[in-house]
Amino acid sequence: MDSFQGEVVVSETNLLGTPEAKVIAALLFKNRTLRKLIIARGRIGDEGMEVLATALQFNTVLETLAIGPNNITGKSIGELCRVLQNHNFTLENLILEGNKLSEESAILLGSTMSDFFVRNYGKLKSFTLCKAGVRRASAELFGKMLYMNKSLLRMDLSGNHIHCQGARVIFENLKRNSVLLELSLDDNNISFLGAQALTECMQENTTLRICSMQHNLMLDNSAQVMLGMYKTHPSLRALRVSGNPIGQLYIEQFEAIGKYRSSTDIKEIMDTSIASLPPLIVSPGAKRKRAPKGNMSPARTGTRKNREKSKAVSPL
């Protein structure tokens, strides 16, 4: 109970099971201070996840729910979707990682995330669904989640099986998105068609800042297409392609552009900060202030040699 007096609760022990999840859920019902709940790994299972999802129906202050590997297979996703679609519109960060969902559950979650009301009136800023077994059909729904979305800033679908077809739908919807800043599609078996779709997307999107396409199946032809786009679109600050079977020369060019743009960003920030400060160095022509009257000795004038000469000729 005492741990719920703060704003963050983090559990990294693998001993946290369904009974403990039920206790946490019971505390969530009336809690008004907790902002982040992170269960990095454990064995809460679908039963534990379901009671946590139900508790969110009555909790209006929790901003981040992060669930790592916890033997969640998808039976509890339905309850989570029901709550997100009908009751809880305050959650800002949802992270589900390392739980193999069934395709049916992934499609249900994708349908909820792409729902018109959730997209336009929810406050979700960051969505992560990594290593969850997401395939093409559900990936297309997560792509539709981006269409005209007004709040989502980051989306991470790394470690799934969306392939080129899923990536194409994601990038197609990203054309009509003016909010998303960061997209990660690492390790998704994406090849040339996915790279081509990204290039076409960036002809219309000017807000995406970071795109990660690492550990996919892109060859030199993919690198060549993306590099041409990357050079001419300064709004994209980082395009990460390491881990693909492309030449080292291409990888070095991507990294060089990213480093240059990052250093430029830092310089702009520094210039703006310094420009707002008053000048700290007095110019050589500035007048010296007179010493205040009183017991303090007056300011000395002239060189030391002239002052000594003046003392020598002055009358006693």
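The model is predicted, so local features need pLDDT of at least 70 and side-chain atom pairs count only at pLDDT 80 or more, whereas totals for chains, interfaces and linings use all residues. Residues are numbered from 1 along each chain as its sequence is written, and side-chain values use heavy atoms, with hydrogens and water left out.

The chain has eleven helices and nine strands, which are DSSP runs numbered from the N terminus (helices: H or I, at least four residues; strands: E, at least two). Two totals for the chain follow, where buried means under 20% relative accessible area with a 1.4 Å probe, protein chains only, and accessible areas come from the Shrake-Rupley method with a 1.4 Å probe.

| Quantity | Value |
|---|---|
| Buried share of the 316 residues | 44% |

Nine strands form an open sheet in the order E1-E2-E3-E4-E5-E6-E7-E8-E9, with parallel pairing, where two strands pair if DSSP finds at least two bridges between them. Strand E1 (8-11) and strand E9 (238-240) are the edge strands, each pairing on one side only. Within the sheet, strand E7 (residues 182-184) pairs with strand E8 (residues 210-212) in the parallel sense over three bridges, and Leu-183 stands opposite Cys-211 in E8.

Helix H6 (residues 136-144) has Ser-138, Ala-139, Leu-141, Phe-142 and Gly-143 as its buried residues. Their cover includes helix H4 (103-113), strand E5 (126-130), strand E6 (154-156) and helix H7 (163-174).

Terms used:
Buried means under 20% relative accessible area, exposed over 50%, partly exposed in between (1.4 Å probe, protein chains only). Contact means heavy atoms within 4.5 Å.
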